[in-house]
Amino acid sequence: MAFWIASSPHNHNQQSTSSLMRLVIFAAIPGIIAQWYFFGWGNLIHIGIAMITAMLCEFIVLSLREKRITEQLFDGSALLTAMLIGICLPAFAPWWITVIGTIFAIAIAKHLYGGLGHNPFNPAMTGYVMLLISFPLQMTTWQPPISLMEIELSFSNTLTTIFTGFTIDGYSVEQLRTSIDGVTMATPLDTLKTSITMGLTVSETTQSSVFGEHFAVGWEWVNLAFLLGGIFLISKKAIAWQTPVSFLLSLFLCSLIGYTIVPDSSASTMFHWFSGATMLGAFFILTDPVTGATSAKGRLIVGLLAGLLVYLIRVFGGYPDGVAFAVLLCNMSAPLIDQYTRPRTYGHSKDLS
């Protein structure tokens, strides 16, 4: 009688891995729609390029490894990785950035360690961080919200820009990134960090058009859409609630302390929640069942650690967001955290040796 031990992800809601992957992809659709509405076609095009690349790369690697291609190719994990990469990339990033990042995520971060269930680091964030470190110029070509753009950008213009660097009418990426008031746009987090470094206060910085009436034009709605998708996943028991809740609580407390002590150079708690990749990281990346903690206490600790790391990187680090780096550091810590937080077996003393 054979005893078969399956690799992660494991779940207790009686759904297959492919069903869970599809559910996560569907839950991300509201955030993707919000991203398209406020920032145009760029990320949708990158998601498409990433998905095609991921499926081709997955097929080639599975063939070389002599694995069951049909079963593993369509389990949804490669498509989910590609979707996350496409969401995170700047809208005007060149097409080859998407291809390189996706190949690295699938071939190196996933299959080099044995495939799904054996990878110690989140493949999408590994690919994203590799791109961020290797191609900093291309990874900072952030598009301003459509409402602030001087040049109207259609689907064909966006597609041409991604593949050639210029629109059909000959406008460059830098010209597209110039807002209606003549300022080259960056993300709100990057704008805030740069302004504080230059000696400006938060209140002075938020006068910029990129911040709008609330926290950041477009970004607050994108984060809200991913929050709704995350709540849907929790309601369907596709993800555990401990990691996102503790992550958001940790980020809230850290930003509240900073805002209380030095309000002139610290952003508000809600700005940290609804800017950057906060909600995407909380519900769609940190909750990865393969690379995250498995015990309930472990998930709480990972979330608290991730929130602290994101705040420290945003405030004191060299990068404006920090979610991707925080995720990888938490992935590295997850096995040790699990070792010291695993539940005690009934009738046995706790042994950590």
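A: The structure holds 2 salt bridges, a salt bridge being a side-chain nitrogen of Lys or Arg within 4 Å of a carboxyl oxygen of Asp or Glu. This is a predicted model, where local features need pLDDT of at least 70, side-chain atom pairs count only at pLDDT 80 or more, and totals for chains, interfaces and linings use all residues. Residues are numbered from 1 along each chain as its sequence is written, and side-chain values use heavy atoms, with hydrogens and water left out.

Take E58 and K110. Their closest N and O atoms are 2.9 Å apart in a salt bridge. E58 sits in helix α3 (residues 42-64) and K110 in helix α6 (residues 95-110), so the pair ties together parts 52 residues apart in sequence. Helices here are DSSP runs (H or I, at least four residues), numbered from the N terminus. Both E58 and K110 are buried, meaning under 20% relative accessible area with a 1.4 Å probe, protein chains only.

Next, R314 and D321. This salt bridge also has its closest N and O atoms 2.9 Å apart. R314 counts as buried because its relative accessibility is 5%. D321 counts as buried too, at 17%.

Now the cysteines. The count of disulfides (pairs of cysteine sulfur atoms within 2.5 Å) is 0. For C88, the closest cysteine sulfur belongs to C330, and 16 Å is too far for a bond. C330 is in no disulfide either; its nearest cysteine sulfur, in C254, is 12 Å away. C88 is buried, with a relative accessible area of 9%. C330 is buried at 2%.

Conventions:
Helices (H or I, at least four residues) and strands (E, at least two) are DSSP runs, numbered from the N terminus. Buried means under 20% relative accessible area, exposed over 50%, partly exposed in between (1.4 Å probe, protein chains only).
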